[in-house]
Amino acid sequence: MIILGESTIIIFKGQSQYDVLRHFADDLGDGFLQYGYNVEFIDLLNSDWDKKLTDVLNGQKNILFFLGMNGVGVDVKSGQTSLYDYLDIPFVAYFVDDPLHQYPRILPNVKNIIYAFIDREHIEFVNQYMNVKNTKAFIPHGCKPMNINTPDMGERDIDVLVPGSFSHPEAIRSEWDKLGAIASGLLNNIAEEVYANRSKPLMDSAKYVLERNHIELDLSNTKLFNLLAKVDLYVRSRMRNELVSSLTDYNVLLCGNGWENGSFAENIKISKAIPFEEIPQLMSRSKIVLTVLPLFLYGAHERVFTAMSAGSVALVNKNNYFEEHFVNGNELVYFDSQNENLHTIVGDLLRNPEKMNAISTAGIQKAKLDHQWSNRAGEILKTYFIHKSVN
């Protein structure tokens, strides 16, 4: 890795649920520091952020690049011109959610920009439906180093922990029911097609349903993006609802906003949302941490790597990324959410603590070696140097 003396990376921070993206920004910053770079944070929630930014720009001679999680800060300008084009310093927009939900921050008027996506399929989406020609990279989530005890499975009091938010799928469906019978019927058909074919890109399923109804639409329009984003949320929530509901007989804890809107068996307990920084400690009390991924076809999520680091058995619905980078049953466990019985998988694990301890040990090492935010910082730096050399 090339190190430029006294080079500085400027990271913007904004608002997000549970402050997750603020923590991600901090952890990435720590990663850049490990590579020998200075890091400055500009907190857009502070009223004087623009003064802080001006002071940093005036005081730093060698700024390497700017960065914003989910593109926060991408719209900063110098007069009528993008700040990053004006300064000829690239902005790295690191999208840690599906661009279908974040498209307003994918701005065609910013030329000197690098897009990073946590799912390889997201690159295909912006290429095909948003005509993005800028530098792009696939860089999945990471996790931060753990400084907590990772007890043996016999000392953990939670069988299955499910962290994350939940919305009742029928509440989401009711939002498009307001559009009238024809539009809502079409979206219902798309939702069912997406749910039945979760290993396909959502846009492919939407296109198939439209063609089946002898309708041709320009799929590259933001109103359709908004509607399909609701379909995406519906499928995510329906998957979570059905998989969690199958976990009868075990000591299950749901932790996050919205679970109180579901209806679950008595063995499934609901905790109020807790601060993001306290989740690893809760994971260290859990034998299994279940992550029900969004429609990520080739990507990963921070919760999987954090669960591994906490010594839990990370249990996740499989995709091509996990199949390519992990041995199932070695460092983690992945399952086919459409063709495998989650209740049986969990039961088999809980009856075999020796196997779970072995997975725990291997998972800790794998996460520490390959899936820290410092690893992702290195990948961002590599992408930057490639971008700089050809632009």
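So, Cys 255 stands opposite Ser 271 in strand 11. Before I go on: this is a predicted model, where local features need pLDDT of at least 70, side-chain atom pairs count only at pLDDT 80 or more, and totals for chains, interfaces and linings use all residues. Residues are numbered from 1 along each chain as its sequence is written, and side-chain values use heavy atoms, with hydrogens and water left out.

Back to the strands, which are DSSP runs of E, at least two residues, just as helices are runs of H or I, at least four, numbered from the N terminus. Strand 10, residues 252-255, pairs with strand 11 in the parallel sense over four bridges; pairing takes at least two DSSP bridges between two strands.

What order do the six strands of the open sheet take? They go 11-10-9-12-13-14, with parallel pairing. Strand 11 (268-271) and strand 14 (333-335) are the edges, each pairing on one side only.

Now, what lies across it? Helix 11, residues 302-309, lies across strand 9 (158-163), strand 12 (286-291) and strand 13 (313-317), at about 160 degrees to strand 13. Angles here run from 0 to 180 degrees between N-to-C directions, with axes fitted to C-alpha atoms, for helices over the stretch in contact, and contact means heavy atoms within 4.5 Å. Helix 13, residues 342-350, lies across strands 9, 12, 13 and 14, running at about 155 degrees to strand 12.
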